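Here is a short tour of strand pairing and charged contacts. Have a look at the model first, and then we can walk through it together.

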Amino acid sequence: MTYLYNDPVQFADELIDGFVAANSTLVRKVHGGVVRTSRTPTGQVAVVIGGGSGHYPAFAGLVGPGLAHGAAMGNLFASPSAQQIYTVAKAAAAGAGVLFTYGNYAGDVLNFDQAQERLIAGGIPCRTVVVTDDISSASAEEAHKRRGVAGDLAVFRAAAYAAERGDDLNAVWTLANRANEHTRSFGVAFTGCTLPGASAPLFTIPEGRMAVGMGIHGEPGISEQDVPTAHGLAELLVQGLVQARPANLDSSDGARVGVILNGLGSVKYEELFVTYGSVSALLSAQGMEIVDPEVGELVTSFQMAGVSLTLFWLDAELEEAWKSPAYTPAYRKGLVNRQALDSNLSTVVDIVEDVILPSSAVSRASGVIVLDSIRAIKNMIDTNVEELGRLDSVAGDGDHGIGMQRGATAALLAAEDAAAREAGAGSILSKAGDAWADRAGGTSGALWGLALNALAVEVGDDAAPTATKLAAGVTAALAAIARFGKAQLGDKTMVDVLSPVAVALTESAEQGLTARESWKSAALIAADAADATSQLLPKIGRARPHMEKSLGSPDPGAVSLALAIDAIAAVMNSQQKVSQ
């Protein structure tokens, strides 16, 4: 369990504040994360890492000379938002571009991709290396779908080494990408973790048993077996990784390996050392020479009891990167020439300007319905937060409910502020969407932000939303989600609800139905579509490696969307009665 916290909703923000206070000579806070206290040298590529909080020392603990220039920090087990990532990258950039590198999770990919597009549009070159080291999460044939776990460190080290020696962006990308191709990880868990304020762990394992191939966000393992001895566990991990040896190694590569024996949060260092003794002997028996092994907590999962092993097959250049000096709050190696703190650096970089566009009186009147709808969505999520979390825990990490709650709460505050400043319906939707994405983070936060902003463009601030405008807005939202989220109909996502709803709204508008009538019928279709996802297998996202577990249970994102559509229908119906 988590012992020390104040408000669970504020936990991630408060841990960032405390982390910066404890490490103020190395890092400074910017919106959405931290960057080095020293300015990135002009002409040096900035390496920006990131992901959800709850994995310390990943990711903020790895910011400093010889490692990352900045880290975007999301809520617990949730991706940082695109705005947060962009702000961290903008603060770290120094004219030579930005390399993003992070673990392969749907929310991270979605939000980092959006931030990358924005950086490039603003004249800052940007490339990405997504870490895919976890052999349990996909087959070798689908290695691009694998998760990023403790092998993150090997890739981050390679990227930072290339950046520090002055390589250009393409060369930094090339070395980091090669490091990813040479890295494999495999792990087990003995217990799940319990997030602040939660009454139960994200998953449980019977006493004396362990989950094999678990994720670092509370995802359960792909199989279960009795807990072995430390030597038996070492045999399991080493054998699995040796069999997964990269096929693209040159004949001269592979005899020397970097090794990470990683504790997930509750396994003590003494236990890790006992296990590492066997790991070292087993690797030596395989003819491998170990280079600078790391034994300790490098990528954790809050207080999960678990262990992972990472092998980093080295060539001459990757070995130089692996052994190069670094000095960060949590990772220190060799001697680093630390630059002095630059007190002239701003803590706020390029936050979106808060402007309310002109609007018509009729649009402002419609804005009241929009505000009431967002409030209804927030109330609905508050009522169903535990059930949404339970649905998500069937094959995911169980945070969908709390993530939606964070997003909806922020969206309502932004909508209320915009309405008080006489914003039109479109602007209220846009402000709500930006706030939802920024505060919720993760996949759902980004997708809801995209959806609300797409709807806002069609609704506008000049006239009342008609059935035709609503249909066009939902269709645009579907297109935006499909583009960035890469989900298709049948993948068991919110697209399986939004797609038939968009069709239904379009058909209703063509038939001459009013906006209220169109939405009422769409709400019924949404509920049926959400229920139907229980018969689908997830093809993307964190639930994919455990797809069989989710059969018979509806997708939480589809359910929450259907409930939101129903909540809006109730508001529209009540407004109609008032007007009568």
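## A strand and its neighbours

In β4, Ala-72 is the bridge partner of Gly-50. Strand β3 (residues 46-53) runs parallel to β4, and 6 bridges join them. On the antiparallel side, strand β2 (residues 33-36) pairs with β4 over 3 bridges, with Val-34 partnered by Ala-71. Pairing here requires at least two DSSP bridges between the strands; strands (E, at least two residues) and helices (H or I, at least four) are DSSP runs numbered from the N terminus.

Strand β4 (residues 70-76) is largely enclosed by the rest of the structure, because 7 of its 7 residues are buried. Buried means under 20% relative accessible area, exposed over 50%, and partly exposed in between (1.4 Å probe, protein chains only).

## How the model was read

This is a predicted model: local features need pLDDT of at least 70, side-chain atom pairs count only at pLDDT 80 or more, and totals for chains, interfaces and linings use all residues. Residues are numbered from 1 along each chain as its sequence is written, and side-chain values use heavy atoms, leaving out hydrogens and water.

## Salt bridges

The count comes to 23 salt bridges, each a side-chain nitrogen of Lys or Arg within 4 Å of a carboxyl oxygen of Asp or Glu. Arg-178 and Glu-317 form one of them, with their closest N and O atoms 2.7 Å apart. Arg-178 lies in helix α5 (residues 169-181) and Glu-317 in helix α8 (residues 316-323), so the pair ties together parts 139 residues apart in sequence.
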